[in-house]
Amino acid sequence: MNTLTPGSAPTATSADHVTITPSILYFGTPVVLLSTENEDGSANLAPMSSAWALGQAIVLGVGVEGQTAHNLRSRPELVINLPAPAQWPAVERLAPLTGRSPVPVAKQGGFRFERDKFAAAGLRPEPSELVRPPRVAACPLQLEARAARVQPDVTGMFLIVEAQVLKVHADPRIVVPGSQHVDPARWSPLIYNFRHYYGLGPELGHSFRSRTPR
Ligand SMILES: Cc1cc2nc3c(=O)[nH]c(=O)nc-3n(C[C@H](O)[C@H](O)[C@H](O)COP(=O)(O)O)c2cc1C
């Protein structure tokens, strides 16, 4: 039985918790903007929040019906661009768009086809050094990458993409001077928290493995 079928009122399961059936489980992960290459050599750009780092790879969950999935299956190069919190309006301008034409059935109603997502979002493309899709100039972190493994998830609705990072571009203002480290006090990802946008709050502490303690 699917225990996550949306219901109506919460059920009390203990003194401390209720059982709920939320329609989505997006508990707060960074937003990335994925640049990929279309068949005709133009660039597509799409926001994704199913993204996390595994060593020098980024694992992504990409809906099978979109243009990004279509592109990555045949052209594995991509750029994983990380916007800052203040850039959320540009991300949201991309939210109702797809680079796929015709618009997939599941997206009809809420989405429209857009060929030039950079222009639609008001974002400037900047050439990459090692891959064909461009970087998003305004993003403080840009990861040039290659999809080393692309496989369907258990539902068949998503592709799980393991993207090997080839080169990292960072805005010097978020780098600890004279080091290879991103300064966590100067960098904040844009967080997608149950479909609302947030930045990070003040630091709470650091891991014993931090290379940038204060
Ligand atoms: C903030 C945000 C996060 C998103 N995260 C994902 C995600 O992790 N995976 C996914 O498949 N779609 C995600 N989407 C939806 C895609 O951006 C959307 O399906 C878009 O149409 C894909 O564009 P494309 O068809 O040109 O690839 C997200 C949308 C927004 C606005």
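Select Thr 98 to start: this residue is buried, with a relative accessible area of 2%. Buried means under 20% relative accessible area, exposed means over 50%, and partly exposed is in between (1.4 Å probe, protein chains only). The model is predicted, so local features need pLDDT of at least 70 and side-chain atom pairs count only at pLDDT 80 or more, while totals for chains, interfaces and linings use all residues. Residues are numbered from 1 along each chain as its sequence is written, and side-chain values use heavy atoms, with hydrogens and water left out.

**Around Thr 98**

Thr 98 belongs to strand S9 (residues 97-98). Helices (H or I, at least four residues) and strands (E, at least two) are DSSP runs, numbered from the N terminus. Show the contacts of Thr 98, where contact means heavy atoms within 4.5 Å. Not counting residues up to four places away in sequence, Thr 98 touches Gln 67, Val 103, Pro 104, Lys 107, Phe 111, Arg 112, Phe 113, Glu 114 and Lys 117. The side chain of Thr 98 also reaches the backbone nitrogen of Arg 100, at 3.0 Å. That is a polar contact: a pair of N or O atoms within 3.5 Å; within protein, one must be able to donate a hydrogen and the other to accept it, and residues adjacent in sequence count only if both atoms are side-chain atoms.

**The ligand**

Next, select the ligand. 22 residues surround the ligand, and the closest are Pro 47, Gly 63, Thr 68, Thr 98 and Lys 107. A residue counts as near if one of its heavy atoms lies within 4 Å. Which distance separates the side chain of Lys 107 from an oxygen atom of the ligand? An N or O atom in that side chain is 2.7 Å from the ligand oxygen. For Lys 117, a polar side-chain atom lies 2.8 Å from an oxygen atom of the ligand. Ser 50 uses a backbone N or O atom, which lies 2.8 Å from a ligand oxygen. The ligand has 640 Å² of accessible area on its own, and the protein covers 90% of that. Accessible areas come from the Shrake-Rupley method with a 1.4 Å probe; for residues, only the protein chains shown count as cover.

Lys 107 lies over the face of Phe 111, at 4.9 Å from the ring centre. A charge sits over a ring if NZ of Lys or CZ of Arg is within 6 Å of the ring centre and within 35 degrees of the ring normal.

**A cis bond in the loop**

Move to Ser 101 and Pro 102. The peptide bond between Ser 101 and Pro 102 is cis, with omega near -5°. Pro 102 lies in the loop between S9 and strand S10 (112-113). Most residues other than glycine have a negative phi, and most peptide bonds are trans.

**Positive phi angles**

Now go to the loop between strand S15 (191-193) and S16, where Phe 194 is found. Phe 194 is not a glycine, yet has a positive phi of about 50°. Arg 195 is in the loop between S15 and S16, and its phi is near 70°, a positive value in a residue other than glycine. Phe 194 is partly exposed at 41% relative accessible area, and Arg 195 is partly exposed at 47%.

**Aromatic rings**

Select Tyr 26, Trp 88, Tyr 192 and Tyr 197, which ring pairs link into a cluster. The whole structure has 3 aromatic pairs. How are the rings of Trp 88 and Tyr 197 arranged? Their centres are 5.4 Å apart and their planes at 25°, so the pair is stacked. Trp 88 lies in helix H2 (residues 88-94) and Tyr 197 in strand S16 (residues 196-198), so the pair ties together parts that are 109 residues apart in sequence. Tyr 192 and Tyr 197 form a tilted pair, 5.4 Å centre to centre with 35° between the planes. Rings of Phe, Tyr and Trp (its six-membered ring) pair if their centres lie within 6.5 Å; planes under 30 degrees apart count as stacked, over 60 as edge-to-face and the rest as tilted. Tyr 192 is buried at 18% relative accessible area, while Tyr 197 is partly exposed at 22%.

**Last stop: Thr 29**

Finish at Thr 29 in strand S3 (residues 27-30). Leaving aside neighbours within four places in sequence, Thr 29 is in contact with Ser 49, Leu 190, Ile 191 and Tyr 192. The side chain of Thr 29 reaches the backbone oxygen of Ser 49 at 2.6 Å.
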